[in-house]
Amino acid sequence: MVGNVAKTKTDLMRSIRDEIFNFKDSPLYAERAGNKVFPVIGEGSHDAAIMFIGEAPGKNEALTGRPFCGAAGKVLDQMLGSIGVPRKDVYITNIVKDRPPQNRDPLPEEISAYAPFLDRQIDIIQPKVIATLGRFSMKYIMERLGLGNMLQSISAIHGKIFEAKTSYGSVTIVPLYHPAATLYNPELKKELQKDFEVLSEFSLEK
Ligand code: URA
């Protein structure tokens, strides 16, 4: 009765990983060739109450296959630490799973190519809170979850709380500045810190 055995979250995540590794039609697949780089699928708890969604892997991420493990990742770790949330208890991923050349902004066709994987990851994890990191994931998630009419610039809506409906129930969206944007901007870093305090009000229990 193998066909009737319900797939676990881990099985479903493994299928996504395998599909992304074999995603030869991706506009960014050629970037992997000869560069000893990997797609970055995501990392953390499959039962996470909070899911962080960034933009696309940078150099360190593509070399290791892990999200937010470079300079921006240090900021993210620092912010998580400041609200007492262990990184292993959240789930961290990006919309685009391969590194755009020279870390340029992801193109609309790259976002559309990879977004279905992100949608499936959200359905598997069923987070209570989605924290978007930067304007690309903010725009994608808000439009995808029917909040397109509330979209404004990230400087206007960072740290605000939006409620949306998904196929598995309601979810809270909190747009955040991208940690990389705060690296050389102490004022933005203070804003990100305040916004993490908003996040800390949500229980990690599901
Ligand atoms: N920036 C992102 O958006 N994602 C990462 O994983 C690293 C840097």
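Below are my numbered points on the ligand site and on a few residues elsewhere in the chain.

1. Ground rules. This is a predicted model, in which local features need pLDDT of at least 70 and side-chain atom pairs count only at pLDDT 80 or more, while totals for chains, interfaces and linings use all residues. Residues are numbered from 1 along each chain as its sequence is written, and side-chain values use heavy atoms, with hydrogens and water left out.

2. The ligand shell. Please start with the residues around the ligand: Gly54, Glu55, Ala56, Glu61, Pro67, Phe68, Asn94 and His178. Being near here takes a heavy atom of the residue within 4 Å of the molecule. By class, the shell holds three nonpolar, three polar and two charged residues. In this scheme Ala, Val, Leu, Ile, Met, Phe, Trp, Tyr, Cys and Pro are nonpolar, Asp, Glu, Lys and Arg are charged, and the others, Gly among them, are polar.

3. Ala56 takes part through its backbone, with a polar atom 3.1 Å from a nitrogen of the ligand. A polar contact means a pair of N or O atoms within 3.5 Å; within protein, one must be able to donate a hydrogen and the other to accept it, and residues adjacent in sequence count only if both atoms are side-chain atoms. On its own the ligand has 230 Å² of accessible area, and the protein covers 92% of that. These areas come from the Shrake-Rupley method with a 1.4 Å probe, and for residues only the protein chains shown count as cover.

4. The ligand takes up the space of the largest pocket. For the record, a pocket is an open set of points on a 1 Å grid over the protein atoms alone, with protein on both sides within 12 Å along at least five of seven lines. A molecule sits in it if more than half of its atoms lie within 2 Å of its grid points.

5. Phe52 belongs to strand S2 (residues 50–54), and Thr93 to strand S3 (residues 91–94); strands are DSSP runs of E with at least two residues, helices are runs of H or I with at least four, and both are numbered from the N terminus. Phe52 counts as buried because its relative accessibility is 1%, where buried means under 20%, exposed over 50% and partly exposed in between (1.4 Å probe, protein chains only). Thr93 is buried as well, with a relative accessible area of 1%. The Thr93 side chain reaches the backbone oxygen of Ile41 at 2.7 Å. Phe52 and Thr132 are 80 residues apart along the chain, yet their C-alpha atoms are separated by 5.8 Å.

6. Met138 and the shell. Met138 is part of helix H5 (residues 135–144). With a relative accessible area of 4%, Met138 is buried.

7. Positive phi angles. Gln102 has a positive phi of about 55°; it lies in the loop between S3 and helix H4 (108–125) and is exposed, with a relative accessible area of 73%. Gln126 has a phi near 50°, sits in the loop between H4 and strand S4 (129–133) and is partly exposed at 35%.

8. Two further loop residues. Asn35 is in the loop between helix H1 (9–21) and strand S1 (43–44), where 42% relative accessibility makes it partly exposed. The Asn35 side chain reaches the backbone oxygen of Glu31 at 2.6 Å. Met150, in the loop between H5 and helix H6 (154–157), is partly exposed at 39%.

Definitions and conventions: 1 Å grid on protein atoms, 1.4 Å probe; cavity = no way out; pocket = protein on both sides within 12 Å on 5 of 7 lines; lining within 4 Å.
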